[in-house]
Amino acid sequence: MCGLAGFWGSNYDHNVACEILNEMGLALAHRGPDDKGIFFDQNQGLGIAHRRLSILDLSSAGSQPMTSRKNRYVISYNGEIYNHLEIRKEINNESSEVIDWNGHSDTETI
């Protein structure tokens, strides 16, 4: 069980937005006691707070919100993909480039 919260379309100052997101995450601390993280994109007015219950990847490589390698995508995910290691193998076999995975989380596989 994890906790997710956020907002979109707000015109917050960066510092104010991060303070609000931290408070939102604090309110969800009971849903994810192992880790916490926030993401804020001022241009889009998008803020995400995540509280994590670490199950698959206990390292910081599984922290969320997680950004893609090229910082194009951001994900905050609550769930479990049971066959994500098989999916990684398929991705590695079908990819023309070598993928250097940061960790072992199913979120990174997505």
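1. Order of elements. Along the sequence, the protein chain of this predicted model runs in the pattern β-α-β-β-β-β-α-α. The protein chain therefore contains 3 helices and 5 strands.

2. Taken along the principal axes, the C-alpha atoms of the protein chain fill a box of roughly 45 × 30 × 20 Å. The protein chain has 110 residues, and buried residues make up 32% of them. Among contacts with a separation of 6 or more, 54% are between residues 24 or more positions apart.

3. Helix α1. This helix covers residues 14-27, which is 14 residues. From the first C-alpha of α1 to the last, the helix reaches 20 Å, close to the 20 Å expected at 1.5 Å a residue.

4. Which residues of α1 are buried? They are Ala 17, Cys 18, Leu 21 and Gly 25. These residues lie on the same side of α1, because they cover an arc of only 95° around the axis.

5. Val 74. This residue belongs to strand β5. Is Val 74 buried or partly exposed? Val 74 is partly exposed, because its relative accessible area is 32%, and this class lies between the limits of 20% and 50%. Leaving aside neighbours within four places in sequence, Val 74 is in contact with Phe 39, Ile 48, Pro 65, Met 66 and Thr 67. Met 24 stands 50 residues from Val 74 in sequence, and the two C-alpha atoms are 18 Å apart in space.

6. Ser 105. This residue is found in the loop between α2 (84-94) and α3. Why does Ser 105 count as buried? Its relative accessibility is 3%, and buried means under 20%. When neighbours within four places in sequence are left aside, the contacts of Ser 105 are Asp 57, Gly 62, Met 66, His 84 and Arg 88.

7. The largest pocket. The space in the largest pocket is about 450 Å³. Its lining consists of 18 residues, and those nearest its centre are Ser 68, Arg 69, Trp 101, Glu 108 and Ile 110. Which elements each supply at least two residues of this lining? They are β4 (66-67), β5 (74-75) and α3 (106-109). Helix α3 gives the largest share, 3 residues. By class, the lining of the largest pocket has 10 nonpolar, 5 polar and 3 charged residues.

8. The second largest pocket. This pocket holds about 230 Å³ of space. It is lined by 17 residues, of which Cys 2, Leu 53, Ile 55, Gly 79 and Asp 106 are the closest to its centre. Its lining has 6 nonpolar, 7 polar and 4 charged residues.

Notes. Residues are numbered from 1 along each chain as its sequence is written. This is a predicted model: local features need pLDDT of at least 70, side-chain atom pairs count only at pLDDT 80 or more; totals for chains, interfaces and linings use all residues. Side-chain values use heavy atoms; hydrogens and water are left out. On a 1 Å grid over the protein atoms alone, a cavity is a set of points where a 1.4 Å probe fits but cannot get out, and a pocket is an open set with protein on both sides within 12 Å along at least five of seven lines; lining residues have an atom within 4 Å of a point. Grid points are joined across faces, edges and corners, and a volume is the space filled by probe spheres set on the points. Helices (H or I, at least four residues) and strands (E, at least two) are DSSP runs, numbered from the N terminus. Ala, Val, Leu, Ile, Met, Phe, Trp, Tyr, Cys and Pro count as nonpolar, Asp, Glu, Lys and Arg as charged, and the others, Gly among them, as polar. The expected span of a helix is 1.5 Å times one less than its number of residues. Buried means under 20% relative accessible area, exposed over 50%, partly exposed in between (1.4 Å probe, protein chains only). The arc is that of the directions from the helix axis to the C-beta atoms. Contact means heavy atoms within 4.5 Å.
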